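Let's take a walk through this structure together. Have the sequence and the 3D view ready, and look things up as we go.

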Amino acid sequence: MNHQLDQATAFKETLPTVFGYLGIGIAFGVVGRASGFSPWLVLFMSLFIYAGSAQFITVSLLVSHSPIISIVLATFLVNARMILLSLTIAPYFKKDSLLKNIFLGTLLTDESFALGMNKLNFTAGQLNFPWFNTVNLLAYATWNLATLIGALIGNYITDPQRLGLDFAIIAMFIGLLYLQISADRSLPLLLQLTVIGLTLALVYLGMIFIPSNLLIIVATIVGCGLGVLLKHHFFPPKVVSP
Amino acid sequence: MSSFEYTLVTIIGCGLITWLSRVLPFILLKKFTLSDRVLEFLSFVPIVIMSALWFSNLFTQDLGHLPRLNLENFLASVPTLISAIISKNLLVIVAVGIVSLAVIRVILA
């Protein structure tokens, strides 16, 4: 990553994540097709819901003929973390028009968010519309292209798990986490590692009694809260950006 | 309601609710400014959310009991993490991850 915020730079910096979207997008297309939906309906899900791993849940609940309201609620809960991501990144676009803000929000993903947060470490805390929009658009295009490929070849792949494609998204989370830690200078390293350790404990213990739909959002809220407490008790106060 | 209508209404409902989660904060923050306390809370979101998404894939849930280790994902995470430290390149990291899991499935099968 570098300090430049133009479209060409955004394109170059997003390219590595394309591989991850391809893997999981193809996997989704294959699974959607295997669940009995037409390729076009599978593609429509990706185009319209655009919720990554949550779409697998939507498909499985559709197959089991769950009530519409409970499917929508489950999708909301799994994606409730988007509210936090959106809250975190939106302040950097306060100067841009409402329409541009809505457009950036519409195509925001875990990965474009993580790339944006990582980029801040190289641009002295600046982001702009052309850079972030390019990241978003490339992600959206790849996700839908991958879904279509998966839906079209779905008939020929009997066991998508064999290919290991479902690990693409997990590998992406690992990579983005590592890149964030190694680039972020706003929080002390020891504090970051402690918070990650606590998150591991929260996820593990949370799994005992928190339904999987709610787990990520609960663990994130509690984890961030613990991070703030630790920072105040054990690390000297610092000026918060932006 | 036909099966097609049921599917279509569900997809539209899921799409709208997801869109609102993404867009409403952008709209609200055009008008309001977050307090320092909230910003400090949000500064932990990137690392906590990425690790929560990763860790939740390392276990299999069994409500009411301790989660079981997802051995495949756990083992595949090791080379993936090492490749992250060495390469610092997402493309390499994702490729190593996919290949690792495929190889581990072959070995464990």
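Buried area is the accessible area (1.4 Å probe) that two parts lose on being put together, summed over both. For chain A and chain B, about 8,000 Å² is buried between them, with carbon and sulfur atoms giving 79% of that area. Keep in mind that this is a predicted model: local features need pLDDT of at least 70 and side-chain atom pairs count only at pLDDT 80 or more, while totals for chains, interfaces and linings use all residues. Residues are numbered from 1 along each chain as its sequence is written, chains are lettered from A in the order in which they are written, and side-chain values use heavy atoms, leaving out hydrogens and water.

Who takes part in the contact (heavy atoms within 4.5 Å)? Chain A brings 102 residues and chain B brings 74 residues.

Now for salt bridges, where a side-chain nitrogen of Lys or Arg sits within 4 Å of a carboxyl oxygen of Asp or Glu. Between chain A and chain B the count is 1: B:Glu40 pairs with A:Lys231, and their closest N and O atoms are 3.4 Å apart.

Over all chains, the count comes to 4 salt bridges. One of them joins A:Asp110 and A:Arg81, with the closest N and O atoms 2.6 Å apart. A:Asp110 lies in helix α7 (residues 110-120) of chain A and A:Arg81 in helix α5 (residues 81-89) of chain A, so this pair ties together parts that are 29 residues apart in sequence. Helices here are DSSP runs (H or I, at least four residues), numbered from the N terminus.

Terms used:
Contact means heavy atoms within 4.5 Å. Helices (H or I, at least four residues) and strands (E, at least two) are DSSP runs, numbered from the N terminus.
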